[in-house]
Amino acid sequence: MTQTVPTRHPQTEPGSGLARQISKMAISKFIARQSAKPNGLFGRLIFGRLLNRANTSVNQLVYDSLAHDAKSRLLEIGFGGGDLLFRIARSLSGGRVDGVDVSAEMLANARGKVSRMGLEDTVKLQLGSVDSLPFSEATFDCACSVHTIYFWPDLIAGLRELARVIKPGGRLVLGFSSGTALIEDGYTDRGFRAYSRQQLADACLACGFVADGLATTGRKRGGRIYVYSGTRKCD
Ligand SMILES: C[S@@+](CC[C@H](N)C(=O)[O-])C[C@H]1O[C@@H](n2cnc3c(N)ncnc32)[C@H](O)[C@@H]1O
């Protein structure tokens with residue numbers, strides 16, 4: 001009796017170099033998609049926590065650069081897992097922090113935390129995108145965002161919206177990976193838009209912000225993470 005043995009190409013056998021490379025590529029693409037807009041069960045249950053863990057030091061640096069006070073009105077764009085948002089919330093007394101994110105899962109997670117912590121008067125969250133913010137002109141003392149500029153539909157449109165809603169003399173703080181690091185690590189092949197420090201500073205200046213600082217969290221995974229801070233020019 002003859003037996004049929006399923007044939008497999010040796011190079012795509014599980015565990016072979018090619019199979020490993022293909023699954024690595026699929027995982028990288030999945031993570032890139034989740035970074036741009038966390039979704040599904042993975043987004044809701046896991047990805048927010050991963051973001052919080054990975055971005056603690058840049059969030060701390062952004063927090064320090066805000067230099068806000070307890071009564072300030074702040075805005076965070078793309079709060080993700082909420083590490084920075086809740087750091088800010090805990091520092092307020094009479095102030096308020098608004099958050100806007102395009103991900104319904106991140107919004108639901110953060111809203112759950114707001115009600116568990118009884119922060120309804122301090123934290124207000126909405127679904128939305130940086131290029132069309134649901135706020136009136138000159139609403140905020142400070143606005144911030146970490147690891148989101150790569151996903152904005154248009155950098156200039158986003159910065160113009162931020163300039164519109166930040167008060168003259170108010171502050172903008174942005175945490176981001178250098179363009180070189182994103183290119184080297186292959187993120188630009190997965191849809192991330194990369195900006196150099198100079199490109200970002202020039203774009204901010206063109207949209208009404210004067211740079212007053214550029215800090216770095218140091219070398220991480222082959223590239224630097226920077227924190228730009230700028231002041232909204234008075235008209
Ligand atoms: C890589 S995660 C960073 C999350 C968090 N800021 C952190 O550093 O851990 C990017 C976040 O930005 C959000 N996002 C992407 N594009 C956005 C946009 N156009 N406007 C507002 N939020 C956006 C995503 O949904 C996601 O929560």
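Reader: Which elements each supply at least two residues of the shell around the ligand?

Author: Start with the labels: helices (H or I, at least four residues) and strands (E, at least two) are DSSP runs, numbered from the N terminus. The elements that each give the ligand shell at least two residues are α1 (17–36) and β2 (96–101).

Reader: Before we go on, what kind of model is this?

Author: Residues are numbered from 1 along each chain as its sequence is written. Local features need pLDDT of at least 70 and side-chain atom pairs pLDDT 80 or more, while totals for chains, interfaces and linings use all residues, this being a predicted model.

Reader: How many residues surround the ligand?

Author: Leu51, Gly78, Gly80, Ser103 and Val146 are the closest ones. To be near, a residue needs its C-beta atom, placed from the backbone, within 6 Å. The count of residues surrounding the ligand is 24.

Reader: Let's turn to Trp152. Is Trp152 buried or exposed?

Author: Look for Trp152 in the loop between β4 (140–146) and α6 (155–165). Trp152 has 20 C-beta neighbours inside 10 Å. The cut-offs within 10 Å are 20 or more for buried, 12 or fewer for exposed, and partly exposed in between. So Trp152 counts as buried.

Reader: Which residues does Trp152 touch, leaving out those up to four places away in sequence?

Author: Contact here means C-beta atoms within 7 Å. Asp131 sits 21 residues from Trp152 in sequence, yet their C-alpha atoms are 7.6 Å apart. With residues up to four places away left out, Trp152 touches Val130, Asp131 and Gly158.

Reader: Which residues of α4 make the contact with α3?

Author: On the α3 side, the contact is made by Thr56, Asn59, Val62 and Tyr63. On the α4 side, the partners are Asp83, Leu84, Arg87 and Ile88.

Reader: At roughly what angle do α2 and α5 cross?

Author: The axes of helix α2 (residues 40–54) and helix α5 (residues 104–117) come within 9 Å.

Reader: Which residues in α2 meet α5?

Author: From α5, the meeting residues are Glu105, Met106, Ala108 and Asn109. Facing them in α2 are Gly43, Arg44 and Gly48.

Methods
Two residues are in contact if their C-beta atoms, placed from the backbone, lie within 7 Å. Axes are lines fitted to C-alpha atoms, for helices over the stretch in contact, and angles run from 0 to 180 degrees between N-to-C directions.
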